[in-house]
Amino acid sequence: MAPHARLDHRNPLVFDTHELGRRPGALQRLTREIPAPRDLGIQGVIGVPEGNPVELELRLESVMEGVLVTGTARATAEGECVRCLEPLELELEADFQEMFSYPDADDRGRVKAEPADDAEEDEDRLFLEDGLFDLEPVLRDAVVLALPMQPVCQEDCPGLCSQCGARLADDPDHHHDAVDIRWAALQGLAGSLEDGEKDEMSGAEAGVDEKQEK
């Protein structure tokens, strides 16, 4: 992806490679703690809350065609268990490696005689801009790949009761008496008959009381 806007060196995810001096084999190691950008993770599932600390360990290596960046990001992700819907936290560690190419170099690191106009050739590549590179797209991809698509609070989480929604981990003996649907109608009829018999008995008792009063 070719750069479209000038990078801001004040952005905590923008890094400067001038110290490497385009000397193949030159190395630079960096550690930095940055605030998490917005929507870092799997939206609506789990991610690192905006502004929370993300620890970065980077290794910058100068090669013929650009700068090879290898690193690890560590942070605490927050989400919701897909089984019991309880909030959860997950210690995240995401590894990544990406080449940031010199805009004036071809795939073999040779300086191009003229700038290339082939957009398809460059659309999947990341470029250095005035010796700077933006790590954010690489970080986002790495974090998404490192996070679970279906996070759980614990591997054996039993989830929720399908009938009443109770959290089964809080009550391992939770259950409901199963009723055979074939007998459900008869049970309802039996209940109606019992109510009718009670009404008849009440009427009979009232009649006896009236005769005794006379």
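**View A. Pairing of β6 with β7 in the predicted model.** β6 and β7 run antiparallel and are joined by 15 bridges.

**View B. The hairpin of β5 and β6.** Three residues separate the two strands. Eight bridges pair β5 with β6, in the antiparallel sense. Look for Arg 59, which stands opposite Thr 70 in β6.

**View C. β4 beside β6.** These strands are also antiparallel, and two bridges join them. Ile 46 faces Gly 79 of β6 across the pairing.

**View D. The largest nonpolar core.** This core has 37 residues. Those with the most contacts inside it are Val 48, Val 54, Leu 56, Val 69, Phe 96, Phe 133 and Leu 135. At least two core residues come from each of β3 (40-42), β4 (46-48), β5 (53-62), β6 (66-80), β7 (87-101) and α2 (136-146). In soluble globular proteins, nonpolar side chains tend to be buried together.

**View E. Surroundings of Leu 56.** Which residues does Leu 56 contact, leaving aside neighbours within four places in sequence? The contacts include Leu 13, Phe 15, Leu 30 and Ile 34. Thr 31, Arg 32, Thr 72 and Ala 73 also touch Leu 56. Leu 135 and Leu 139 complete the list. Leu 56 and Leu 135 are both among the core residues with the most contacts inside the core.

How values were computed. Residues numbered from 1 in each chain as written. Predicted model: local features only at pLDDT ≥ 70, side-chain atom pairs only at ≥ 80, totals over all residues. Heavy atoms only, no water. Core = buried A, V, L, I, M, F, W, Y, C linked by side-chain atoms within 4.5 Å. Buried < 20%, exposed > 50% of the residue type's maximum accessible area, 1.4 Å probe, protein only. Helix = DSSP H or I, 4+ residues; strand = E, 2+ residues; numbered from the N terminus. Contact = heavy atoms within 4.5 Å. Pairing = 2+ DSSP bridges.
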